[in-house]
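Please keep the sequence and the 3D view at hand while reading.

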Amino acid sequence: MESLFGQSQRRRRAGGSGFESLKRLGHISPAVQSHLKHVYLTLCSALAFSALGAYLHILLNVGGALTTVGCVASIAFLISLPASRDQERNRLALLMSAALLQGASVGPLVDLVIDLDSRILVTAFVGTAVAFACFSGAAIIAKRREYLYLGGLLSSGLSILLWLQFATSIFGHTSATFMFELYFGLLVFLGYMVFDTQEIIERAHRGDMDYIKHALTLFTDFVAMKNAQEKSQDEKKRKKR
């Protein structure tokens, strides 16, 4: 009896340790948790500046090629600066400037959507925010490096989109190619959201705490998804008409 009782106790301990190991899967250290808070707070600030840029275009019609060039230049300058405390304010100002200019650059699209149906903006933003939260949450609670293998597949998908755009610029758009490009692009950027979130976590585990650069990565994912959703909603409205 004692031997049987001892065996049962050992099994319970083994099962408990197995459960604890399952709980530790995807565990994020307090330092990485603090880093993610900084990343998402910076991302929210960048999105607010982007919305301000779009609003400025609606009021003043400032969006166009110059704001696009300015956005790219701000991002390039931000990346070139070292991730040090001395440059933190400059890099943060560059990120917010890039977000403001990016918002102004997509202002014509926002203006077009408002003329068609202003509810598309709300639908696109809410849909993007929900998808972003769900997929980012899935990447955060998943095991470390579980989704990093997606990098090769997503790069292939992005190259397909680039070649498709090149082909359609020569041979012209059709309804089928437009819809494929739209929804396949949305799927690719959803995948990039998961991949980039896990890559940020992995880099933070290795000591890379550059929250400004990481917020920029997620900002580009969010904007790409939102633009794709606005275009898809716009196309649906046009078809109904």
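This is a predicted model: local features need pLDDT of at least 70, side-chain atom pairs count only at pLDDT 80 or more; totals for chains, interfaces and linings use all residues.

Asn61 sits in the loop that joins helix 2 to helix 3, and its backbone has a positive phi of about 55°, although Asn61 is not a glycine.

## The chain as a whole

The protein chain contains nine helices and zero strands, so that, read from the N terminus, its elements follow the order α-α-α-α-α-α-α-α-α. The chain has 241 residues, of which 38% count as buried. Among the contacts in the chain with a separation of 6 or more, 84% are made by residues 24 or more positions apart.

## Helix 3 against helix 4

The crossing in which helix 3 passes helix 4 is left-handed.

Which residues in helix 3 and helix 4 meet? From helix 3 the contact includes Thr67, Thr68, Gly70 and Cys71, together with Ser74, Ile75, Phe77 and Leu78, while helix 4 contributes residues including Arg91, Leu94, Leu95, Ala98 and Leu101. By kind, the residues of this contact divide into nine nonpolar, seven polar and one charged.

## Asp210 and its surroundings

Arg91, a residue of helix 4 in the contact with helix 3, also has a partner elsewhere in the chain, for its side chain makes a polar contact with the side chain of Asp210 at 2.9 Å. Asp210 is found in the loop between helix 8 (175-205) and helix 9 (211-240). Is Asp210 buried or exposed? Its relative accessible area is 9%, and because this value is under 20%, Asp210 counts as buried. When neighbours within four places in sequence are left aside, Asp210 is in contact with His35, Ala83 and Arg91.

His35 belongs to helix 2, which covers residues 30-60, and with a relative accessible area of 4% His35 is buried too. Not counting residues up to four places away in sequence, His35 touches Ile200, Ala204, Asp208, Met209, Asp210, Tyr211 and His214.

## Pairs that are separated in sequence

Two further residues show how positions apart along the chain are placed in space. Ala224 lies in helix 9 and is buried, with a relative accessible area of 18%; Ala224 and Phe189 are 35 residues apart in sequence, and their C-alpha atoms are 6.9 Å apart in space.

Tyr149, by contrast, counts as exposed, at 55% relative accessibility, and lies in the loop between helix 6 (119-141) and helix 7 (150-171). Along the chain Tyr149 and Phe195 are 46 residues apart, and a distance of 8.2 Å separates their C-alpha atoms.

Terms used: Residues are numbered from 1 along each chain as its sequence is written. Side-chain values use heavy atoms; hydrogens and water are left out. Helices (H or I, at least four residues) and strands (E, at least two) are DSSP runs, numbered from the N terminus. Buried means under 20% relative accessible area, exposed over 50%, partly exposed in between (1.4 Å probe, protein chains only). A polar contact is a pair of N or O atoms within 3.5 Å; within protein, one must be able to donate a hydrogen and the other to accept it, and residues adjacent in sequence count only if both atoms are side-chain atoms. Contact means heavy atoms within 4.5 Å. A crossing is left-handed if the near helix is turned anticlockwise from the far one by less than a right angle, and right-handed if clockwise. Ala, Val, Leu, Ile, Met, Phe, Trp, Tyr, Cys and Pro count as nonpolar, Asp, Glu, Lys and Arg as charged, and the others, Gly among them, as polar.
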